[in-house]
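This report describes selected local features of one protein chain. The sequence and structure are shown first, and the description follows.

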Amino acid sequence: RTDETLLEVNNIEVIYNHVILVLKGVSLSVPKGGITALLGGNGAGKTTTLKAVSNLLHSERGEVTKGSIHYRGDRIQELDPAALVKRGVIQVMEGRHCFEHLTVEENLLTGAYTRADGSANIARDLEMVYDYFPRLKERRKSQAGYTSGGEQQMVAMGRALMSRPETILLDEPSMGLAPQLVEQIFEIVKSINEKEGVSFLLAEQNTNVALKYAHYGYILESGRVVMDGPAAELRENPDVKEFYLGMS
Ligand code: ATP
């Protein structure tokens, strides 16, 4: 990790349907090479924060009404998701969102659509994805809609990797997965972070596992950051233990 900041979210407010104030001034930053966790219970505003960054709120009648979002010092609020991908920022949505009628491999290849660096590189990156997710290699000819929830999470992450991102916004990777599979997914996140240098901002309700793998965490409650700090410190914090780690 370096001290270089990639993403800087400064005091953003998000309103849905013109009236429902959901984020009430959220600030956070994502350093290059780090795994940053966005924690908090159901409805705290984690998904909304990620969607604000990747400019996906419009389809849900949401808008950023205050504050600013910068990536590498540039304001990114007006960029559509495709333009963001070109800058190296990609979101893996909650609930996977595979193309169900395409095969696993076709799904992965759709992740390379913004690239213009030739099929040899794309083929090499497909092998890289299969190295991280050997299961996907076994399933590469299967229709994605018929794969398991864990495999679909892997497809969604693998597809994101195919765009050669600098930063991945990962929404609730543990959702609906058995504990063992959750650990496996987080181990893969860790090795992608270490080997490829990809930075992560991940929204996660599973505080235990997120703080085990993240370097830094922000805890959201009702649209506000109520606590933040290095993951090792948050793990030891009495309030975090009591309210989020279920160890009281
Ligand atoms: P979850 O883990 O359930 O996704 P979250 O922390 O990601 O929780 P958000 O999905 O960001 O929370 O939701 C934050 C709040 O915004 C919730 O109260 C939710 O009901 C509300 N909300 C989300 N989307 C919309 C929408 N399109 N219109 C109105 N309110 C919304």
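The lining of the largest pocket draws at least two residues from each of helix H2 (81-87), strand S6 (89-92) and helix H6 (149-161). Helices (H or I, at least four residues) and strands (E, at least two) are DSSP runs, numbered from the N terminus. The model is predicted, so that local features need pLDDT of at least 70 and side-chain atom pairs count only at pLDDT 80 or more, while totals for chains, interfaces and linings use all residues. Residues are numbered from 1 along each chain as its sequence is written, and side-chain values use heavy atoms, with hydrogens and water left out.

**The largest pocket**

In total, 20 residues line the largest pocket, and those nearest its centre are Val85, Ile90, Gln91, Tyr113 and Arg159. The space within amounts to about 440 Å³. A pocket here is an open set of points on a 1 Å grid over the protein atoms alone, where a 1.4 Å probe fits, with protein on both sides within 12 Å along at least five of seven lines; lining residues have an atom within 4 Å of a point. Grid points are joined across faces, edges and corners, and the volume is the space filled by probe spheres set on the points. The lining comprises 13 nonpolar, 5 polar and 2 charged residues, where Ala, Val, Leu, Ile, Met, Phe, Trp, Tyr, Cys and Pro count as nonpolar, Asp, Glu, Lys and Arg as charged, and the others, Gly among them, as polar.

Helix H7 has 18 residues and spans 25 Å from its first C-alpha to its last, close to the 26 Å expected at 1.5 Å a residue (1.5 Å times one less than the number of residues). Its buried residues (under 20% relative accessible area, with exposed over 50% and partly exposed in between; 1.4 Å probe, protein chains only) include Phe186, Ile192 and Asn193. The buried residues of H7 pack against strand S3 (35-39), helix H4 (119-132), H6, S7, S8 and H8.

Gly197, with a positive phi near 75°, follows H7. Val198 lies in the loop between H7 and strand S8 (199-204) and is buried, at 3% relative accessible area. The C-alpha atoms of Val198 and Glu166 are 5.1 Å apart, although 32 residues separate the two in sequence.

**Aromatic pairs**

The whole structure contains 2 aromatic pairs. Rings of Phe, Tyr and Trp (its six-membered ring) pair if their centres lie within 6.5 Å; planes under 30 degrees apart count as stacked, over 60 as edge-to-face and the rest as tilted.

| Pair | Centre distance | Plane angle | Class |
|---|---|---|---|
| Phe186 and Tyr213 | 5.5 Å | 35° | tilted |
| Tyr216 and Tyr218 | 5.3 Å | 55° | tilted |

Phe186 in helix H7 (residues 179-196) and Tyr213 in helix H8 (residues 207-213) are 27 residues apart, and their pair links distant parts of the chain. Both of these residues, Phe186 and Tyr213, are buried. In the other pair, Tyr216 is partly exposed at 27% relative accessibility, whereas Tyr218 is buried at 7%.

Most residues other than glycine have a negative phi. Arg61, however, has a positive phi of about 60°; it lies in the loop between helix H1 (46-53) and strand S4 (62-71) and is exposed, at 53% relative accessibility. Arg164 has a positive phi of about 55°. This residue, Arg164, occupies the loop between H6 and strand S7 (167-171) and is partly exposed, at 39% relative accessible area.

Conventions
Contact means heavy atoms within 4.5 Å.
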